[in-house]
Structure formats: structure tokens, C-alpha cells
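Please keep the sequence and the structure in view while reading.

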Amino acid sequence: GWNVVVRDPQMVPVLISQHFMETIIDQQPWFHEIRKNPYWYGIMIAWNNIMVAVKCFTLGALLGIGGLLILCFNGVFFGAIMGYCYVNGFHDELTNFVIGHGPLELTIIVASAFASMLYGRAFFMRPLREFPKRFAQGAREAAVVIVGVLPWLVLAACLEVFVSPFNYLGFKAKLLLGCLCTLAFWFWTFWPQRSESDTSIHKSA
């Protein structure tokens, strides 16, 4: 999206709405509106993030590629916005806003798409007669993943409304905070869980 917008300005109206184009050209920081009522915007942003994650999850029923389609759409749209901001000299302002919450938020959306693949892969496995069983098992596993990421989406929304639009933290501090939260998410995600056999052995010992 960034490449297309920067290299071919005629494609901008295809990827970005007229309202967004005018806002960026006028260099109006629309995200500063959050400062007026961060609690209300926090609820709205958290709800929107959760809906995106749920859509990624549910669209996995489309042969497992629904989540990937949402990832592609969001990636192209975000890249186009960043590219158009770059062309109009507004990229520093937007980057300073996004860097605090963006790493965690985008990472969780990727995890949500992965959850959809857990049951979407049932379409491509054989034998076909076991499809209902595989699909149900995959859906249960995916539900565990999607429920696990929801609190992190709330955290990302809190960062977006209480940190990102304000200037009490510099760019490096916001970047560090965003990366630390993202690392915490992946550390929590990949932390090895003790299996039932390990637990039984520990109890018998």
C-alpha cells in the first residue's frame, strides 16, 4: 500500500477515502480528538479491535483464508495511509501516534488470524468423513486463542487513548513501551505449559 501510493499518485483515491486524503493534505491530526474524552474513545477503540479480532476468527470458516484477507486489507490500507502521509510530510506526526500501541495491536490481529487457521485447516485435511470432528476440535482450540487475546486488545486500546495521542512521553519512550508490551504478549503466549502427564508425575513424586 505504501509503495503504490508513493510511486503512483493516481492510485491514491482507490485506496484512501476523500475525507482521509483531505485530512492528511491539510495535516490535521485527527487522532488528537482522543484527548477530549479518552475514556469514551477507549471503549470505542477496544470494541472495534475486538470486532476485528472476532471477524478474523469467524472468517476462518471460509476455507481458513478469511483471516488472511482481513490481514491483507488492513496491511494495504495502513500502508497506503502511511505512504500518503509521507508524500505530504505528515508521516512523523502519525508515526509518533502509532508507535506506542501499533506493535501490540497489529501483533494481536495476526494472532487472531492464526486462530482462524486452526479450524480453517480442517477443510484441507483428509479423510473427508472426519471433517465434522476435526472442525469442531479446531474451533475449540481457536476459541481458546481468541479469548486469550481479548484482554490484550483492551490493553492496546488503553495505550492508544492514554499514551499515543499525548506528548508526555517522547518517541523513543513510546517505542520502548510498545515493544515491551508486545514482547510481554509473546512471552505470555509461548510460555510452555505443564502437561497433564508432567503434573501427575510431579504429584506422585
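## Contacts and overall fold

Residues 24 or more positions apart account for 75% of the contacts in the protein chain with a separation of 6 or more, where contact means heavy atoms within 4.5 Å. This is a predicted model, in which local features need pLDDT of at least 70 and side-chain atom pairs count only at pLDDT 80 or more, while totals for chains, interfaces and linings use all residues. Residues are numbered from 1 along each chain as its sequence is written, and side-chain values use heavy atoms, with hydrogens and water left out.

The secondary structure of the protein chain consists of 10 helices and zero strands. Both kinds of element are DSSP runs numbered from the N terminus: helices are H or I with at least four residues, strands are E with at least two. Along the principal axes, the C-alpha atoms fill a box of roughly 65 × 40 × 30 Å. Of the 205 residues in the chain, 36% are buried; buried means under 20% relative accessible area, exposed over 50%, and partly exposed in between, with a 1.4 Å probe and protein chains only.

## The largest pocket

Rolling a probe the size of a water molecule over the atoms shows where empty space is left. The search uses a 1 Å grid over the protein atoms alone: a cavity is a set of points where a 1.4 Å probe fits but cannot get out, and a pocket is an open set with protein on both sides within 12 Å along at least five of seven lines. Lining residues have an atom within 4 Å of a point. Grid points are joined across faces, edges and corners, and a volume is the space filled by probe spheres set on the points.

The largest pocket holds about 960 Å³ of space. It is lined by 29 residues, and N48, F77, F78, E105 and E160 are the closest to its centre. Helix 4 (38-58), helix 5 (66-87), helix 6 (91-98) and helix 7 (102-120) each supply at least two lining residues, with the largest share, eight residues, coming from helix 5. By class, the lining has 19 nonpolar, six polar and four charged residues. Nonpolar covers Ala, Val, Leu, Ile, Met, Phe, Trp, Tyr, Cys and Pro; charged covers Asp, Glu, Lys and Arg; the others, Gly among them, count as polar.

One cavity of 30 Å³ or more is found in the whole structure, and the volume of the largest cavity is about 40 Å³. Its lining residues include F31, H32, R35, E93 and K174. Helix 6 gives the most to this lining, with three residues. The cavity lining has four nonpolar, four polar and three charged residues.

## Helix 7

Helix 7 has 19 residues, which at 1.5 Å a residue should span 27 Å, and its end C-alpha atoms are 27 Å apart, in agreement. The expected span is 1.5 Å times one less than the number of residues. Helix 7 is mostly covered, with 14 of its 19 residues buried.

T107 is found in helix 7. T107 counts as buried at 14% relative accessibility. Apart from its neighbours within four places in sequence, T107 is in contact with T182, F185 and W186.

## Aromatic pairs

The whole structure has 14 aromatic pairs. Rings of Phe, Tyr and Trp (its six-membered ring) pair if their centres lie within 6.5 Å; planes under 30 degrees apart count as stacked, over 60 as edge-to-face and the rest as tilted. The rings of W30 and F90 have centres 6.3 Å apart and planes at 45 degrees, so this pair is tilted. W30 lies in the loop between helix 3 (18-25) and helix 4, and F90 in the loop between helix 5 and helix 6, so the pair ties together parts 60 residues apart in sequence. W30 is partly exposed, at 29% relative accessible area, whereas F90 is buried, at 4%.

W152 and F185 form an edge-to-face pair, 5.4 Å centre to centre with 75 degrees between the planes. W152 is in helix 8 and F185 in helix 9, so this pair ties together parts 33 residues apart in sequence. Both W152 and F185 are buried. Ring pairs also link F20, W30, F31, F73, F77, F90 and F97 into a cluster.
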